[in-house]
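Thanks for coming, everyone. I'll take the ligand first, then the surface, then the charged pairs.

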Amino acid sequence: MSTSTFDTTACLDGLLRSRCSVRAFRDEAVPRETVLEILRVASRAPSNSNTQPWQVYALAGPAIRELEAAIAAVFDSGQLPPPHHFPVPLPDEYGVRQADFAARYYQALGIDRSDAAARARQTRRNFGFFGAPVGLIFAIDACLKPHSWLDLGLFLQSVMLAARARGLDTCPQVSFAPYHAVIAPLLGMPDGQVTVCGLSLGYRDERAPVNSVETPRRGVDAFVRTLGF
Ligand SMILES: Cc1cc2nc3c(=O)[nH]c(=O)nc-3n(C[C@H](O)[C@H](O)[C@H](O)COP(=O)(O)O)c2cc1C
């Protein structure tokens, strides 16, 4: 392996390993130009026939507060849109990992799993992008099929890695998706676009216990079958 290959490998592996979902941020602004630079380089992500189906709304300051207030008003009314990102029931294999994550998450926050009010308060923090200085909303044309959503996922991961390369942290957030009807008019989304997810973007608060949640991964043997090597 040449030195430059090694450097590149170590660098990319380092970014992949150091990315984690951050849910508490320092009060430090991220310049608009940095956000645009991250989105520009992330747009090198591949897409089916180079269709580039992603659409991004980048929010800061009052735009975040306005969105947060509008979603929180619906959330607080108790008229929650039904969660729609997992099937009901969730097959056991995934349910076990989801429960493991929830246990680690609420433990880090010092929230008892039976304390529904405290859990709801933490869920509500999603809508203010966990205090991050920048919030991104990702949308896609509703007529597109699952493989275009895959393109958007590749773009999303590229955004997270480009952010990491600049010392920034992120948290992808499906929590926004059920509130599309609130989000769309506020952001001026055209008809036919649908909210896919949000992303908090900012500098991690190193002291916040919630940022030290460990999320183990399955070993490769659990999800890979090798043939013909
Ligand atoms: C598409 C997607 C949606 C997510 N939605 C949320 C969310 O709404 N709120 C949240 O706190 N974390 C959310 N997460 C973060 C996951 O909980 C996290 O990625 C997972 O537990 C693995 O942890 P890690 O990102 O720290 O490696 C989401 C992640 C992805 C990829």
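**Around the ligand**

Start at Ser175: an N or O atom of the Ser175 side chain sits 2.5 Å from an oxygen atom of the ligand. Keep in mind that this is a predicted model. Next, Thr215. One of the polar side-chain atoms of Thr215 is 3.3 Å from a ligand oxygen. Pro172 uses its backbone instead: a polar backbone atom there is 3.1 Å from a nitrogen atom of the ligand.

How much of the ligand does the protein cover? On its own, the ligand has 610 Å² of accessible area, and the protein covers 70% of that.

Now the wider shell. There are 14 residues around the ligand, and Ser21, Arg23, Val174, Ser175 and Arg217 come nearest. By type, the shell holds six nonpolar, five polar and three charged residues. Which element gives the largest share? That is strand S3, residues 169–173, with three residues.

**Out on the surface**

Look at Val220, Phe223 and Val224. Together they make a nonpolar surface patch of about 280 Å². Val220 belongs to helix H8, residues 220–223. Is Val220 buried or exposed? Its relative accessible area is 53%, so Val220 is exposed; the cut-off is over 50%.

One quick stop at Arg119, in helix H5, residues 116–125. Its relative accessibility is 27%, which counts as partly exposed. Tyr106 is 13 residues away along the chain, and the two C-alpha atoms are 7.9 Å apart.

**Charged pairs**

A general point first. Opposite charges on side chains can pair when the charged atoms come close. The count here is ten salt bridges.

Take Arg40 and Glu33. Their closest N and O atoms are 3.5 Å apart. Both are partly exposed: Arg40 at 49%, Glu33 at 44%.

Next, Glu93 and Arg218, a salt bridge at 3.8 Å, N to O. Which parts does this pair tie together? Glu93 is in helix H4, residues 92–109, and Arg218 is in the loop between strand S4 and H8, so the bridge links parts 125 residues apart in sequence. Glu93 is partly exposed at 42%, and so is Arg218 at 38%.

Last pair: Arg207 and Asp205, with closest N and O atoms 3.3 Å apart. The two partners contrast. Arg207 is exposed at 71% relative accessibility, while Asp205 is buried at 14%.

And a network to finish. Glu93, Arg97 and Arg218 are joined by salt bridges that share partners.

That's my tour. Questions welcome.

Key:
Residues numbered from 1 in each chain as written. Predicted model: local features only at pLDDT ≥ 70, side-chain atom pairs only at ≥ 80, totals over all residues. Heavy atoms only, no water. Near = heavy atom within 4 Å. Polar contact = N/O pair within 3.5 Å; in protein donor to acceptor, adjacent residues only side chain to side chain. Areas by Shrake-Rupley, 256 points an atom, 1.4 Å probe, with all protein chains shown as cover. Helix = DSSP H or I, 4+ residues; strand = E, 2+ residues; numbered from the N terminus. Nonpolar A, V, L, I, M, F, W, Y, C, P; charged D, E, K, R; others polar. Patch = residues over 30% accessible without salt bridge, like charges linked within 9 Å, V, L, I, M, F, W, Y side chains within 5 Å. Salt bridge = Lys/Arg side-chain N within 4 Å of Asp/Glu carboxyl O. Buried < 20%, exposed > 50% of the residue type's maximum accessible area, 1.4 Å probe, protein only.
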